[in-house]
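I opened the notebook to look up a few points in this model. Entries follow in the order I checked them.

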2 protein chains.
Amino acid sequence: MVTVYENLKSEHPKNNFTIGINDDVTFLSLPQPGDIDVAQAGSMQCKIWGLGSDGTVGANKNTTKILGEYTNLYTQAYFVYDSKKSGGLTQSHLRFAKMPIRSPYLVSNADFVACHNPSYLTKYDIIKDLKKGGTFLLNCQWTQKELEDNLPDEMKKSLAQKEAKLYIINAIDIAKGLGLGGRTNTILQAAFFQLVNMIPIEDAVKYMKDAILKSYSKKGQKVLDMNFAAVDRGISDLVQVDIPSAWAALNIQAPAKPNVPEFIEKVVNVMNRQEGDILPVSTFVGMEDGTFPAGTTAYEKRGAAVDVPQWKLEECIQCNQCSYVCPHASIRPVLLNEAEVANAPEGFKTKKALGKGLDKYQYRMQLSPLDCTGCGSCAAVCPAKNKALVMMPLASQLEEVKRWNYAVDKVEIKKDAINFNSVKGSQFAQPLFEFSGACAGCGETPYIKLVTQMFGDRMYIANASGCSTAYGGSTPATPYTKNRQGCGPAWSMSLFEDCAEYGYGMLLGSEKIRATIKEYAEFFTQKGIVAAEAENWIKTMQDSENSEEASLKFSQAIRAYSPKNPMETEMVDFIIKHKDFLPKKSYWAFGGDGWAYDIGYGGLDHVLASGKNINLLVMDTEVYSNTGGQSSKSTAAGAIAKFASSGKRTKKKDLGMMAISYGYIYVAQVAMGYDQAQTLKAIREAEAYPGPSLIIAYCPCIEHGIKGGMSGSQMEMKKAVESGYWHLYTYNPQLKEDGKNPFTLDSKAPAGDLKEFLRGEVRYSSLQLAFPELADELYNKAEADAKERYENYKRLAEYK
Amino acid sequence: MVTVYENLKSEHPKNNFTIGINDDVTFLSLPQPGDIDVAQAGSMQCKIWGLGSDGTVGANKNTTKILGEYTNLYTQAYFVYDSKKSGGLTQSHLRFAKMPIRSPYLVSNADFVACHNPSYLTKYDIIKDLKKGGTFLLNCQWTQKELEDNLPDEMKKSLAQKEAKLYIINAIDIAKGLGLGGRTNTILQAAFFQLVNMIPIEDAVKYMKDAILKSYSKKGQKVLDMNFAAVDRGISDLVQVDIPSAWAALNIQAPAKPNVPEFIEKVVNVMNRQEGDILPVSTFVGMEDGTFPAGTTAYEKRGAAVDVPQWKLEECIQCNQCSYVCPHASIRPVLLNEAEVANAPEGFKTKKALGKGLDKYQYRMQLSPLDCTGCGSCAAVCPAKNKALVMMPLASQLEEVKRWNYAVDKVEIKKDAINFNSVKGSQFAQPLFEFSGACAGCGETPYIKLVTQMFGDRMYIANASGCSTAYGGSTPATPYTKNRQGCGPAWSMSLFEDCAEYGYGMLLGSEKIRATIKEYAEFFTQKGIVAAEAENWIKTMQDSENSEEASLKFSQAIRAYSPKNPMETEMVDFIIKHKDFLPKKSYWAFGGDGWAYDIGYGGLDHVLASGKNINLLVMDTEVYSNTGGQSSKSTAAGAIAKFASSGKRTKKKDLGMMAISYGYIYVAQVAMGYDQAQTLKAIREAEAYPGPSLIIAYCPCIEHGIKGGMSGSQMEMKKAVESGYWHLYTYNPQLKEDGKNPFTLDSKAPAGDLKEFLRGEVRYSSLQLAFPELADELYNKAEADAKERYENYKRLAEYK
């Protein structure tokens with residue numbers, strides 16, 4: 001949870017104000033003498049619940065500035081954000097008063113509460129902080145009648161008891177009608193001014209329209225008019241709802257105890273209700289080092305999608321590509337044996353599985369509608385003649401929930417069907433990364449998910465700060481999970497600048513323990529104690545395929561052995577205590593281009609140079625995504641990014657080539673949207689290579705502004721490669737041993753039009769709008785750079 | 001000045017002791033109650049002056065440990081070092097007492113003082129800290145009679161007044177005789193024990209011999225025997241000298257005021273006498289930011305050489321190669337016109353200058369014997385049939401001092417002779433880096449010197465920590481100097497990890513000022529004010545050849561102009577204030593491979609990627625030289641280094657190739673010992689290239705253990721290239737514009753034997769001694785790596 005604290009103080013009479021940002025505020029202090037709660041008449045405290053994407057925070061900042069700048073009022077605003085990339089929550093805490101405000105804590109005694117998203121009513125205790133006689137504004141599409149049906153009883157009763165004034169407004173349909181899409185902020189800002197009544201509404205309207213003029217005057221009269229209308233409609237369309245006296249007498253039933261683990265109920269759900277502050281320190285006994293249980297996202301069931309895919313059994317060709325590309329692991333192929341088919345819930349339709357050795361199973365593609373974000377990637381990539389996946393409204397697919405539960409809880413993973421030599425076969429493995437808070441259509445998470453399917457049960461991951469840590473582990477959300485045997489990735493976030501080194505430290509630490517076990521195993525071998533098992537364990541300790549079984553047998557044998565002397569006891573105890581270290585490990589560092597090309601590059605280079613068996617996965621969005629799109633050395637010439645607002649002048653750094661110069665590093669460039677099989681092969685080879693590996697994965701991102709939206713992110717990768725913007729290759733040093741060229745160019749010669757590709761993304765096309773001549777120059781440069789790069793690759797690939 | 005503070009305390013009765021290192025000791029505090037000076041009978045304070053290279057500090061540490069470990073004594077030792085790489089000074093401050101020692105200041109009331117190097121007698125006030133009745137031990141080759149002639153009168157008088165006991169010992173000849181070379185430490189340690197008499201001498205002998213046994217038992221009986229003998233001779237060969245009563249009556253004349261600038265007399269010389277602590281803070285008023293005058297090393301005149309080159313006029317072919325390779329700029333060609341010939345001092349022999357346009361001058365190669373370190377590089381590279389330079393004892397060449405002074409003070413630099421297209425022509429330019437404290441035969445400093453000859457008058461240098469900052473600027477020594485016009489490099493040391501960025505900041509800051517001047521110049525051009533000069537300055541502001549003259553004219557014109565209004569006044573004032581920024585600058589970052597390949601690589605890469613016009617010079621010794629030989633990513637496979645004590649396993653990083661991958665960076669690998677002209681050309685092109693440049697210069701180093709010694713460092717570079725260990729190339733992106741291959745391989749195909757080259761350096765050959773089988777494997781790997789590297793270069797060079 002990120003908290004931004006902004007205190008905007010009007011310095012009467014000059015009306016200057018200062019903005020401070022402080023993330024170290026003591027929220028739990030109580031009102032003190034002089035505080036607004038205690039001393040000030042005529043003050044106003046407000047709390048507003050909004051979406052990360054609906055502009056609520058921006059509107060509230062603007063409101064605060066208007067009141068601070070144009071009136072004698074002192075103003076204060078705190079904004080509380082979560083870390084979700086899609087469907088995130090914002091809470092605005094606003095105070096306005098005639099005296100200085102010295103309240104360093106959140107608003108909990110609000111004169112005004114607004115809820116900008118009706119889905120929050122069942123998730124959060126929205127009006128907890130509303131004071132008696134206060135005003136509550138709800139943005140919803142319901143009529144007064146429907147409101148009666150949809151408001152939770154607890155809320156109705158509470159509103160009645162608080163003698164609240166209740167208002168509704170349908171800003172959703174107003175915004176759509178005005179052409180504003182999902183941007184309800186201006187409408188709701190006007191409603192706010194009308195209801196809080198701190199200044200004459202005519203003045204408020206004037207200030208708001210002035211601000212609109214300032215922001216949008218360059219965008220033309222049409223845009224101005226729709227925003228002006230939004231202000232007017234926010235006032236005219238407000239509806240006051242009388243609260244029936246019957247609401248006060250409602251009989252509230254205690255909610256049923258949820259069927260979830262205790263930790264989820266007592267910690268995760270509390271935090272997810274935005275009530276984490278009430279948890280006492282004692283809740284975390286045993287977790288003082290920051291360890292957090294895996295797989296908590298499986299209990300979120302956010303239902304954030306508008307539309308979700310419906311599976312058409314008859315059309316499906318069982319390629320599993322939909323599962324492969326799903327950024328949230330919320331659509332998965334299921335193979336069932338006869339008993340599992342027999343016990344399946346209603347509507348759990350299946351068809352005979354296709355493929356060698358699979359015909360004993362029934363096949364089904366199963367969606368989790370409440371975990372799906374509705375990006376549509378699955379439907380977009382579906383190669384079936386008549387699409388086997390069709391996007392349908394979420395509400396229509398809720399029957400799938402119990403089928404999903406059956407599939408993941410009761411159906412065994414069919415190990416014999418898993419085959420990492422084929423895209424299809426890879427998807428029968430369980431993803432150990434699921435339901436993250438990544439953006440709908442995220443280009444990064446499908447790679448991560450795939451890697452966890454392949455190596456997740458024996459993986460260590462060091463993760464560089466960035467999107468991949470925001471969605472990879474923002475308390476209490478842990479998308480990294482474990483399989484039914486209790487094995488899953490060990491994951492930890494590092495700083496931006498040292499992720500490779502951090503992962504390297506994991507390797508050194510773990511391999512040191514394994515080396516000690518090896519010494520002991522050698523001792524036992526020599527003494528003829530559990531010799532066969534010990535010897536076999538040593539032989540396979542760096543062998544991905546056979547280490548697991550050998551480890552199990554060695555561990556069992558050593559447990560069964562009775563040590564003959566204290567030295568043996570010590571060795572046996574050590575091995576048993578460290579049995580998790582027996583199977584071969586897979587060491588990884590994950591991060592974006594900001595880490596790999598820029599801030600962490602020195603360390604990345606050092607770790608690659610070490611020659612040690614570590615795998616680095618770079619999710620290349622060509623921009624600092626998490627912090628809002630700053631230019632990195634991965635950004636190509638001509639792209640607009642922060643710090644490169646008139647287009648980047650220098651060409652993209654060729655990170656892969658730099659690693660290849662060592663000669664003993666496995667390097668791959670991949671783009672799953674162009675070639676899923678090449679991605680799979682590169683990841684497989686990289687992990688198997690007994691030295692350092694670097695995988696650079698092309699990742700479309702919301703920062704690119706793909707014209708068709710993020711549902712097309714897989715297609716966009718294809719276009720990137722076909723146009724010569726991105727290339728696929730592998731450099732496998734092991735091929736040199738056979739006298740072969742280690743470099744293989746895996747993508748075809750560019751056939752498309754690079755400039756057309758560039759024009760399809762706002763990061764490039766906006767340069768054309770802003771600086772047309774410069775754009776031509778930089779597009780030409782981008783084209784020349786791409787050509788030079790391709791020629792280099794081609795030349796390398798042609799070496800004999 | 002680096003001060004290491006080690007406090008070794010014997011914890012009676014267990015005889016443990018702790019060693020602490022602290023470089024933040026308050027030396028200027030005065031004796032306090034409880035201090036050894038005030039309270040303790042039977043204590044002993046000692047001060048010993050030694051050379052950095054003679055083992056004095058090691059012996060004193062050993063002495064302190066013996067007394068701390070085997071007796072009930074408390075012991076304390078401080079060691080004060082200077083930063084000179086050759087001929088450095090050490091001062092050991094030792095205390096022994098029966099009570100705990102709490103004296104956090106240097107010894108200034110010594111019972112015992114020793115001087116291990118007779119040349120110190122005239123440089124430092126050696127016996128200043130000797131207390132009345134104390135003992136003074138002098139290591140010298142003099143007889144008692146010669147002593148009378150050689151001891152300075154001040155010292156004689158002081159010894160007599162202090163009623164000192166005077167001892168001499170000829171440890172120099174004893175060590176030579178025993179086969180110990182210059183290692184006099186054991187002999188002098190034994191003499192110390194005999195004279196301080198803290199424990200029975202039989203015990204001291206036993207402890208010393210035990211320590212010898214422990215250290216050298218693996219090296220064979222012969223080595224043990226010579227060290228045992230050193231102990232015995234240190235006791236038997238001590239000679240006590242009676243101090244004649246006449247010494248007390250000697251008439252001491254006040255020294256003549258030296259003919260040097262006031263700052264040298266009052267600050268630099270004081271510091272160089274090791275008396276810097278007595279300087280009051282007020283000495284440094286005006287230098288609070290750390291600014292230090294340039295060129296102070298010219299006043300050191302250390303006379304550190306044993307042998308120096310004598311020039312043979314008749315043999316000289318005037319190639320200037322000796323000057324080119326001299327690490328200390330202490331041999332330079334001089335061109336004289338008729339008047340200068342006429343005024344020359346006695347013995348200033350010259351010959352007619354050879355070469356086009358030079359025949360109007362007389363030529364001479366001039367040595368500065370007191371600045372020469374005697375490495376012999378000049379004589380080694382001299383290509384004359386019968387060498388024109390022959391190494392002779394320093395004392396025989398002291399007549400050259402006045403000739404040197406004439407050459408540098410009175411003879412004009414002949415600008416028309418300077419030609420940076422030829423090695424010979426380059427040496428007529430004044431080096432603006434001279435007489436540094438670098439090792440004799442240093443492989444790095446000839447490159448730096450050359451760069452300052454070419455661009456020193458308009459250069460900014462950011463210098464990464466390491467040897468090049470230790471010899472480049474250790475207070476009070478500043479080898480970077482200025483020409484007679486007052487122009488020279490602006491130099492500053494950065495940390496290891498950010499040198500490239502630091503230099504980049506210099507560039508950005510300076511170019512920002514120049515951009516402002518450009519705006520003003522454009523204003524003046526438009527207004528028709530000093531228009532011609534302003535316009536010409538703008539046109540040439542990034543033009544190395546013509547900017548200087550245009551700047552001078554613009555500056556003169558702007559000074560002559562009377563501003564017509566306040567805005568013009570502001571502009572004119574700004575330009576006059578910043579006139580130093582008018583000429584085109586040359587921005588550089590200097591450092592070693594520890595900086596460039598390892599710790600500062602992330603920043604180096606970032607700065608190179610920026611596309612800005614900055615030049616990075618990497619002095620590649622393939623090892624962390626300044627800190628004592630730790631392995632870097634530049635270290636090649638098979639080399640022994642710290643952290644790679646059984647040979648480095650991974651191959652050398654190809655820094656140049658990594659930079660080349662950008663396509664817009666000028667990259668060169670050079671080794672002046674193989675091709676002086678290629679080095680010159682690469683530096684010239686790198687600086688002229690209007691983008692980032694990287695020059696990787698091969699630098700032999702004492703850490704390599706070149707079998708023939710450092711006088712062969714230039715030859716060693718030749719061998720390195722001929723054997724295929726190192727390659728010369730340039731990558732000039734500008735060639736691409738003409739459709740040419742930007743990559744040129746400048747060295748011939750390897751012809752020599754790589755393994756023979758490896759065996760010629762201790763860093764490699766010691767692996768053969770320690771791990772013969774591993775050595776074979778790693779030598780083969782080194783050979784294969786070198787071959788692969790050459791093949792890559794060849795392939796690149798062959799592109800059409």
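This is a predicted model: local features need pLDDT of at least 70, side-chain atom pairs count only at pLDDT 80 or more; totals for chains, interfaces and linings use all residues.

B:Glu163 follows H4(B), and its phi is positive, near 50°.

Next I turned to A:Arg403. I located A:Arg403 in helix H13 (residues 400-409) of chain A. Is A:Arg403 buried or exposed? Its relative accessible area is 10%, so I logged A:Arg403 as buried, the cut-off being under 20%.

I checked its polar partners. The side chain of A:Arg403 makes a polar contact of 2.8 Å with the side chain of A:Glu400. The A:Arg403 side chain also reaches the backbone oxygen of A:Glu346, at 3.0 Å. Leaving out residues up to four places away in sequence, I found A:Arg403 touching A:Pro345, A:Glu346, A:Gly347, A:Phe348, A:Arg364 and A:Gln366.

Last, I compared the chains. I superposed chain A on chain B with a rotation of 180° and 0.0 Å of shift along the axis, at RMSD 0.2 Å. That is the relation of a two-fold axis. The same surface serves both copies, as 100% of the contact residues of chain A recur in chain B. Which residue of chain A comes closest to the rotation axis? I found A:Gly602, with its C-alpha at 2.0 Å.

How values were computed
Residues are numbered from 1 along each chain as its sequence is written. Chains are lettered from A and ligands numbered from 1 in the order in which they are written. Side-chain values use heavy atoms; hydrogens and water are left out. Copies are superposed by least squares on the C-alpha atoms of residues with pLDDT of at least 70 in both. Contact means heavy atoms within 4.5 Å. Helices (H or I, at least four residues) and strands (E, at least two) are DSSP runs, numbered from the N terminus. Buried means under 20% relative accessible area, exposed over 50%, partly exposed in between (1.4 Å probe, protein chains only). A polar contact is a pair of N or O atoms within 3.5 Å; within protein, one must be able to donate a hydrogen and the other to accept it, and residues adjacent in sequence count only if both atoms are side-chain atoms.
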